[in-house]
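Please report on the fold of this chain. Cover the helices, the sheet and the domains.

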Amino acid sequence: MTSTPLAPLAGVRVLELGNFIAAPTAGRMLADFGAEVIKVERPGSGDELRNWRLHPGSTTSLLFHTINRNKQSITLDLRTDEGRDAVLALAAECDVVLENFRPGTLERWGIGPDELNAVNPDIVIGRISAFGQTGPLSARPGFAAVAEAMSGFRNLVGDPDRPPVRVGISIGDSIAGLYAAYGVMMSLFQRQTRAAAGLEPAPLVERVVDVALNEAMFSMMESLVPDYQAHGIERERVGGRMEGIAPTNAYVCADGASVVIAGNGDSIFVRFMQIIGRDDLAADPDLATNSLRWHRREELDAAIGAWTATLPADEVLSILDESGVPSGPIYTAADLSTSPQYAARNMIQKFDVEAGDEIARDVGFPGIVPVLGSASLPIRTLAPTLGQHTDEVLRRYDIRPPATAPGPGSASASASASANSTSTATSTPATEGN
């Protein structure tokens, strides 16, 4: 697999044992910047994400293409001796192993950290689970919805007079994947600095990156716990607002479109109130600071909403932009698709994708973040077909293919479809987005 220019991770090799979103997101982050990522999928059916949000006529979901771009796919039954031996042989040639099974699953299959370390004493192991590898909840299964709820996050999403809701994406899985990629990079950097100093590899325990999905989300909760423990304050759902910050919200305009306005800086607030014709609010000493404004947030939102209701969204945004009041439209997929800003930074990259008997042309996929240089690096490939690289990868590392009947793209693709199965407690990915 060729690397693109400015690929800082070229030469890093990753074995991805993950399913669904969390570990594959970590793999995507590493692959995007040049790492060779070998994705292991269950024979026959592959990663279940291939079939999530599958549109009529398609055989591979666009979600799978988005999260598994720039990777290679091989099929192995991890619960067989042949699959275990192949994983260990590949791990001996890799820098990183990523996984997101329930704690203890890899150990039962004979491919846990001790076995991986035995074949490669430099290996870095990224492990993502619902509640971590230790502690009283570690053995529990838990998808993202549960872990998000138990992090404190879900309690703050929605309106105060309604039950908590979830956001429209698998945010818990994605944030856990980002943390796993970050942890892996720290461990690789540590490996490099120890080698440069003539030191032995770090102990295995220091090379296991243990990411708990609930902790990843908890780390996003700002001062939720300190506020409670120091002052007894329980934060509440505040809808489109942000606790303790005013005015900031979404406001409906005359054409029915909504815009987001963040007029909460002290000097910005004065200009903002003058723009909407409320000099009385601009000059009110009881509104001079953010904490004071929060207590009158309903009054402020009503005044702002009354002004935006008289003008179309484009005019509202133009007036605010000229005056330096932070504001913006609420983009839909259609808006993102035509945004000059996203286009200028190569953040929507076009590929042709299959759609049954036809090809959908120039389908936009999200670019690579962060930007190195002036624009997103190019996506090298969309997701591979199931088992597309099995023969090539196993042959490259002189690994004997498992003795199974051939299937699509692979000499081993039709081994037991229950490998890595999510139907049993021993092999349920612990971090996913339902």
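## Helix α13 and its surroundings

Leu300, Asp301, Ala303, Ile304, Trp307 and Thr308 are the buried residues of α13. Buried means under 20% relative accessible area, exposed over 50%, and partly exposed in between, with a 1.4 Å probe and protein chains only. Seen down the axis of α13, these buried residues fall within an arc of 160°, so they line one face of the helix. The arc is taken from the directions that run from the helix axis to the C-beta atoms. Glu298 and Ala302 are exposed on the other side of α13. The cover over the buried residues of α13 includes β7 (248–252), β8 (258–262), α10 (266–275), α11 (279–282), α12 (290–294) and α14 (313–322).

The model is predicted: local features need pLDDT of at least 70, side-chain atom pairs count only at pLDDT 80 or more, and totals for chains, interfaces and linings use all residues. Residues are numbered from 1 along each chain as its sequence is written, and side-chain values use heavy atoms, with hydrogens and water left out.

Helices (H or I, at least four residues) and strands (E, at least two) are DSSP runs, numbered from the N terminus. The expected span of a helix is 1.5 Å times one less than its number of residues. Two helices compare as follows.

| Helix | Residues | End-to-end C-alpha distance | Expected span |
|---|---|---|---|
| α7 | 171–196 | 38 Å | 38 Å |

## Helix α7

The buried residues of α7 include Ile175, Val184 and Leu188. The buried residues of α7 pack against α1, β4, β5, α6 (144–149), β6 and α8 (213–218). Contact here means heavy atoms within 4.5 Å. Gly198 follows α7 and has a positive phi, near 75°.

## The sheet

Six strands form an open, parallel sheet in the order β3-β2-β1-β4-β5-β6. Its edge strands are β3 (71–75) and β6 (208–212), each pairing on one side only. Two strands pair if DSSP finds at least two bridges between them. The twist averages 20° from one strand to the next. Strand β2 (36–41) pairs with β3 over five bridges, in the parallel sense. Lys39 has Ser73 in β3 as its bridge partner.

Helix α1 (22–32) lies across β1 (13–16), β2, β3, β4 (96–99) and β5 (124–129), and runs at about 150° to β4. Axes are lines fitted to C-alpha atoms, for helices over the stretch in contact, and angles run from 0 to 180 degrees between N-to-C directions.

## Domains

Domain 1 covers 13–221 + 343–397, and domain 2 covers 248–334. These bounds come from an automatic or database domain assignment. The C-alpha centres of domain 1 and domain 2 lie 41 Å apart.
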